[in-house]
Structure formats: C-alpha cells, structure tokens
Amino acid sequence: MLKMAYSVRANIPLRCKWAGTTRCFLTSERLPTALQRTNFQRSSCSDCIGLRLVSNKGRKITDMSVLQEISSNVRNMKQLENSVLARRTTQIKEELRQGVRKSYKEVIDVSWGDPHKAGVKPLSFVRQVLAACLYPQLMDGDKLMVDVRQRAQRLLRACTGGSVGSYSATAGIPEIVQRVSEFIMRRDGGVPSHPENIYICPGSQWALTNILTVLVNPEASPRIGVLTPVPCHSTTVLSLTALGAVVVPYYLREESGWALEVEELQRALDSAKGVCNPLALYVINPGNPAGYVQSRKSVQEVIRFAAEKRLFLLADEVYQECVYREKTEFVSYKRALAEMGLPLSDRVELASFHTASKSLMGECGLRGGYVELVNLDPAVMKHVNSLFSTNACAPVLGQIALDVMMNPPQPGDPSYHLYMKETQHIRTSVAENVKRVDEVINSLPGFSCQLVEGGAFAFPRLFLPPKATKRAEEAGMQPDTFYCLRLLEEAGVLLSPGTDYGQKEGTYHIR
Ligand SMILES: Cc1ncc(COP(=O)(O)O)c(C=O)c1O
C-alpha cells in the first residue's frame, strides 16, 4: 500500500510529498505540539480516512483521525466491494499498457450503469444542440439543421444573459421546468403536473438525497427508517446511511421475477418495530440491479400500502423508458395514484425521480435530473425550496439535455430521421442483448437469470460450488466478489458483485 508522507509545520498548508499537492485540512492546532515537526504518513487507500501518525523513524506514535469529528453516519457508510475490483482493473490496464501478456487485450467494464462508458454513442441531436448552445457561432451558416439552431436559440433566450455560463433559477430554467411538466402530463395520459412542484437537479440521486434530508431528522428518537428493496441500487443505501436513516430491507422475490410483494413490505415494517420509525418507502421501477417492471396492479398495491401505513413514497423511475417485453408497460406511480382517485389521490405523498443519465440518451456526466413532488404540505414545500436553494442550480448543460430528452425531434423536423435511426439502433441492440442474456446466461451451468423486463441490467444468480465459497473465504472475500475478481483476471471483464446491492443470505449474484 502506498504511503504518503507529509511535513507538519505550524499553520502551514501541508504538502504531500508523494502526490505533490498541497492540502491544508490539517493545521498544527489539531496536532500535539510534540508531533508538529515530525513526519506522518497517511495511507493512500481511499478506504482509510484516518491518519496514522509515525515518527520520522517510522515508529507509530499514536492512532488518530484528523477527521475525528467526522459524522459517525458517514463513517458507517459501507465500502463497496466494487472498489477492490476497480483498483485491480486500474492495475490490469497498466499491466496491459506495459505489454504484460494476457488472454485479452483490454478490460471490458460493464460494472457501471453508464451507457456511454459501455460504448453507446451520444445522440447527434442532443450533442448538436448542446454544442450550439455552448458556442453560438456554430449556428452561423447552415452546418447545423434548422431545428437544431431553432432549439439552441430558444434555449439560449431562456438562459440568463443568453449564456449557458450563467446561473439559472434554483429549480431550473423556468421554460425547461415547464417542458418537463408537459412531458409528465403527456406520459401520464393528461394527469395534471404543476411546474412549481418540479425541481431540476444535478442528477436524480442528488434530488433523492435532498428529499431524504427533508424526511430524515438525524435527531429523531427512535431513528427514522426507510423501507428499501433488496437488491437495491447501491448509492441509495449509502445516502440513507450518510443521513443517519435506518435502512429497513424488504426482499424482492427472485423466483417470481423479483416481484415486490405487499406481504413482504408488511414483514419489513413489522421488523422495524422497536428499532426505528419507518417514514418512507423507496421503490425502484423499472428495477436496478434486477430488471423487473412493476405491473399497474403491483404499483397500486404499493400505493395502498403506503397510504394505509402513512409512508412517504419515493419512486425512483429513472429507467422508465427502458421496457423490453411486449406485454410490459411502465406505469408511473403518479399516474397510478391519480387513477386510484380520492381519497388516496390527494393524500399519498410522493416524490418521483427521473434523469437524463439513463434511457436512450445516457448523458450521465451532464448531471441533469428532476424530482416531481406530489401532495406535499405547502409548509413542507417551503423547506424543500430552502434546501434545494443550497445549490445555486443544476448544470445548465444538464438542464438542456433534459429539455431535449423531454422534447425530441418530431415527425417532419429536419433532425427527425437521424434521431429515429440512432434511437432505433440503441433500442435494437439493447433488445438483442436482453434476448442474449435470457438465452446464454440461463444455459450456463451454475447460473440462473430471471427475465429482464426493463432497466439496464441483468442480475443473474450464481450457484457456486462449496470449493469456490471456501476459496473465497480463505481469500477474505465475499464469494461473488471472488468470482468477479477471477472473471476480471482471467477474461478481462469487470462486473459488480451482488454483495454491493444486497441479496438474500446465502445467495450470490453478479450485475
Ligand atoms: C435506480 C437509479 N436511480 C438513480 C440513479 C442515479 O442517476 P443520476 O445520474 O440521475 O443521479 C441510478 C444510476 O445508476 C440508478 O440506477
């Protein structure tokens, strides 16, 4: 493990001799005087936030953390097993670069839900509009289609000072918020959507964390609980832990295509008795890591349960465009709630999340997402507003990506043909991959995979022989991490282990 040596002098920013960077989070007031002229070493391992103080001769003087006051909630955040694999991937890439012979020439990394990283090409219309907004001179002449120029001009008129370099309103550029609201209404068959309930954010995860910040009072006793699916998108669990919420797991039934069952929600709620005060129910539909899509009936059941138990519904619907089976359709929680009518439709509190990171666009790096809030008490909305104001605004380019996502080229528009060709290509490739997953993975010995109905991932189960689990144990690893590491070493394919998403005890998966 690399060690970084720092010189410590009173009130002088510290220079890392290893990285050559200056860091000033440590000042002499925080160190015993005797140590001020010593060197200390800090493990460069990102797992370790503590500093191990050693004398110049390397003798350990004391264990202390410079960040002693770090929130215990943050300290409790689980280190993802994926980080071990990511570190090894970096080393393997370097080995390949140096000419070390392996049975593969490059590492294929499909461990992240990042379409562009996995090779999906950005959509031309999106990038042309973004380019024109960033550098309006591109609109001189006729290199860009007229609808690209018109869209860019309209968006620039909506930007303060006519530039994407300006801050926008906190909740997003009002014209774009309006178009998000119109998109939601079209999606939901005319169910009203109000722009004042929509916040555009630097990604949907940011929005979710902010809503959780409103819901989870860290001083509450008992602590606040959030019912959370197992398996679950890993960063949500990290956010919950960081905020001091109790994660109350409910298990999706794998044998039934990862079904979300109300009896299981009830069991989870009962399990929270005496442990925490469950306030919210988090659902991911379509699923990640498991590729299920909830039926309308299932969504309605969950809503009824939330209403009965007075739970705030957090609906993570970022994969809503990713539905692959003919008879499967995405029904938003908002739509289902509205269709259920009174008294539920104006009682259940709901936050629904969507993003430009997923779907056909896959613009993860632009950081454009939104949350729509339904049935929130206006007094609470006031606080939500304050909280969202702590960030000046979402990146304007991310907002523009959202605008294009909500309003793609229409028939008759000059860019329509190319847009359709590119999106159709993505749809066809994904559909083929889904089919291949069904056929190939289920034909492999030691694997089983539920049908992928939606989302971006398959979450196959591994049936590992006792010998393999024993080897993993000896290596101090979870069996599925061990499997992923072997796959990485031997085939150059990087996946993520099921451990990072949660799984039933004794079962192992990969994503
Ligand atoms: C279920 C789910 N929600 C949220 C996100 C985060 O999306 P964003 O990039 O909008 O923060 C992801 C990313 O993979 C996800 O899978």
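Which residues of helix α3 (residues 124-134) are buried? The structure is a predicted model, in which local features need pLDDT of at least 70, side-chain atom pairs count only at pLDDT 80 or more, and totals for chains, interfaces and linings use all residues. Residues are numbered from 1 along each chain as its sequence is written. The buried residues of α3 are Phe125, Val126, Gln128, Val129, Leu130, Ala132 and Cys133; a residue is buried if 20 or more other C-beta atoms, placed from the backbone, lie within 10 Å of its own, exposed if 12 or fewer, and partly exposed in between. These residues pack against α4 (146-158), α12 (396-406) and α13 (416-443).

The chain as a whole contains 15 helices and 18 strands, assigned as DSSP runs (helices H or I, at least four residues; strands E, at least two) and numbered from the N terminus. Of its 511 residues, 37% are buried. Contacts are pairs of residues whose C-beta atoms, placed from the backbone, lie within 7 Å. Among contacts between residues at least 6 apart in sequence, 64% join residues at least 24 apart.

The ligand is surrounded by 13 residues, counted where the C-beta atom, placed from the backbone, lies within 6 Å of the molecule. Gly203, Ser204, Gln205, Thr355 and Ser357 are the closest. By class, this shell has 9 polar, 3 nonpolar and 1 charged residues; Ala, Val, Leu, Ile, Met, Phe, Trp, Tyr, Cys and Pro count as nonpolar, Asp, Glu, Lys and Arg as charged, and the others, Gly among them, as polar.

Arg310 lies in the loop between α9 (296-309) and β12 (312-316). Arg310 is exposed because 11 other C-beta atoms lie within 10 Å.

Key:
Two residues are in contact if their C-beta atoms, placed from the backbone, lie within 7 Å.
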